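This report describes side-chain contacts and strand pairing in one protein model. Please consult the sequence and the structure shown below while reading.

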Amino acid sequence: MNGGTLVKAVFADRRHKSTEYKKVTMRPVSIKGEYMYQAEFHFDKKVTHRNIPFYEGVDFAEQLIADEFKQINIFTETEDIQILASKPERPRITSKQVAREAANLDHDRQKQYLLRDGSPCDFLIELGVMTADGKVRKQHYAKFRQINRFLEIADNCFDELPAEGTLRIIDFGCGKSYLTFALYYYLKLVRGRDIEIIGLDLKADVIKFCNETAKKLGYDRLKFLVGDIADYDSDGADMVVTLHACDTATDFALINAVRWGSRVILSVPCCQHELFKQIHEPVNDPMLKHGIIKDKFTELLTDALRGLKLEAAGYDVNMIEFTSLEHTSKNIMIKAIYKPDAKARKKASSEYEALKKFYNVKPAIDQL
């Protein structure tokens, strides 16, 4: 699955009679340009379908074989594999080599990606995602898909940016900067825009590596700086990116973006701890007494308040699914486009204050 060679997998021979469906067929599909898996559930008199994000595919398959079925037949482009697992802890696995065409994704596989497997891309080669001849390394296929997913989202926002002149982009909490390099490559080398991108992170060794890589690639309009989001000062940016900045670091990135009047904001928040100890609402106490539920609820409330605050500041906000990174399962992206509407701003401001008052919280995003 990580290598992208799965054609289909069939789960059969029910482990328990109580399982309503007789078998499940799983195959890769492309839906609106996103590589996913579609599970087909076969009942006695009907068939239903469920679409599964690619990064949840392995977990879904493991759950089926551990809890529901004793047998899997897996068909890939190069191999047929059978797993017999009456006892999941002692499976019997057989395989044979075959030559088979790639799965039909209902769309041309190459067209689903802005960066293509098999087409050499300098920054992906330098960062070890691709081999020198452009083949995506099996262990990095999830990263390759994530980069493409990010570019698809960003590409849909580019028409909202100034059509002429230098585009200024800031990536707060850039880390190893796979996505920062991807933005530069796509905007500068593919779309031919004049751009200036700055990546900001607290880790000096990471910033040193990124600057050396940018210099090696000749990305002379891409700079990386050591710094704290909360203290960063700049003349502004047309687009602000903040992916997995921890806790209130996300808020300060959003605050800077709004202060600058940035046209586009792409933010994937992480580690929303700020409101955990603040939330107090008696009606919800029976639910929030469980730490794990309170933690998840805190995440949702924090991001909902951020979205409303951005709307009150004149942004059109959408919460969309983004593929998670290896070290975090956080996968909600806040996509905000500056489109001021007086009526919408007033409504969002009222909703924000009401929600904040109901849960007795004082978010950092109030500094907007």
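Are F41 and F60 buried or exposed? F41 is buried, and F60 is buried as well; buried denotes under 20% relative accessible area, exposed over 50%, and partly exposed in between, with a 1.4 Å probe and protein chains only.

## Basis of the model

The model is predicted; local features require pLDDT of at least 70, side-chain atom pairs count only at pLDDT 80 or more, and totals for chains, interfaces and linings use all residues. Residues are numbered from 1 along each chain as its sequence is written, and side-chain values use heavy atoms, with hydrogens and water left out.

## Aromatic contacts

A pair of aromatic rings is described by the distance of the centres and the angle of the planes. Rings of Phe, Tyr and Trp (its six-membered ring) are paired if their centres lie within 6.5 Å; planes under 30 degrees apart are stacked, over 60 edge-to-face, and the rest tilted. The count by this rule is 15 aromatic pairs. One of these, F41 with F60, is edge-to-face, with 6.4 Å from centre to centre and 80 degrees between the planes. This pair links distant parts of the chain, since F41 belongs to strand 3 (residues 34–42) and F60 to helix 1 (residues 57–67), 19 residues apart. Helices (H or I, at least four residues) and strands (E, at least two) are DSSP runs numbered from the N terminus.

The rings of F123 and Y185 have centres 5.5 Å apart and planes at 50 degrees, so this pair is tilted. F123 lies in helix 2 (residues 122–126) and Y185 in helix 4 (residues 178–190), so the contact ties together parts 62 residues apart in sequence. F123 is buried, at 0% relative accessible area, and Y185 also counts as buried, at 16%.

One aromatic cluster is formed by Y21, F41, F43, F60 and F69. K46 lies over the face of F43, 5.1 Å from the ring centre. For such a placement, NZ of Lys or CZ of Arg must be within 6 Å of the ring centre and within 35 degrees of the ring normal.

## Salt bridges

The structure holds 14 salt bridges, each a side-chain nitrogen of Lys or Arg within 4 Å of a carboxyl oxygen of Asp or Glu. In the bridge between R191 and D155, the closest N and O atoms are 2.7 Å apart. R191 is in the loop between helix 4 and strand 9 (195–201) and D155 in helix 3 (residues 141–155), so the pair ties together parts 36 residues apart in sequence. R191 is partly exposed at 38% relative accessibility, and D155 is partly exposed at 22%.

D251 and R306 also form a salt bridge, with 2.9 Å between the closest N and O atoms. Both of these residues, D251 and R306, are buried. In helix 9 (residues 342–359), E351 and K347 lie 4 residues apart, about one turn of the helix, and their side chains meet in a salt bridge of 2.6 Å, N to O. E351 is partly exposed at 34%, whereas K347 counts as exposed at 52% relative accessibility.

## Strand pairing

Strands are paired if DSSP finds at least two bridges between them. Strand 5 (residues 69–76) and strand 6 (residues 79–84) pair in the antiparallel sense over 5 bridges, forming a hairpin with 2 residues between them. Within this pairing, N73 stands opposite Q82 in strand 6. Strand 6 also runs antiparallel to strand 7 (residues 92–97), joined by 6 bridges, and D80 stands opposite K96 in strand 7.
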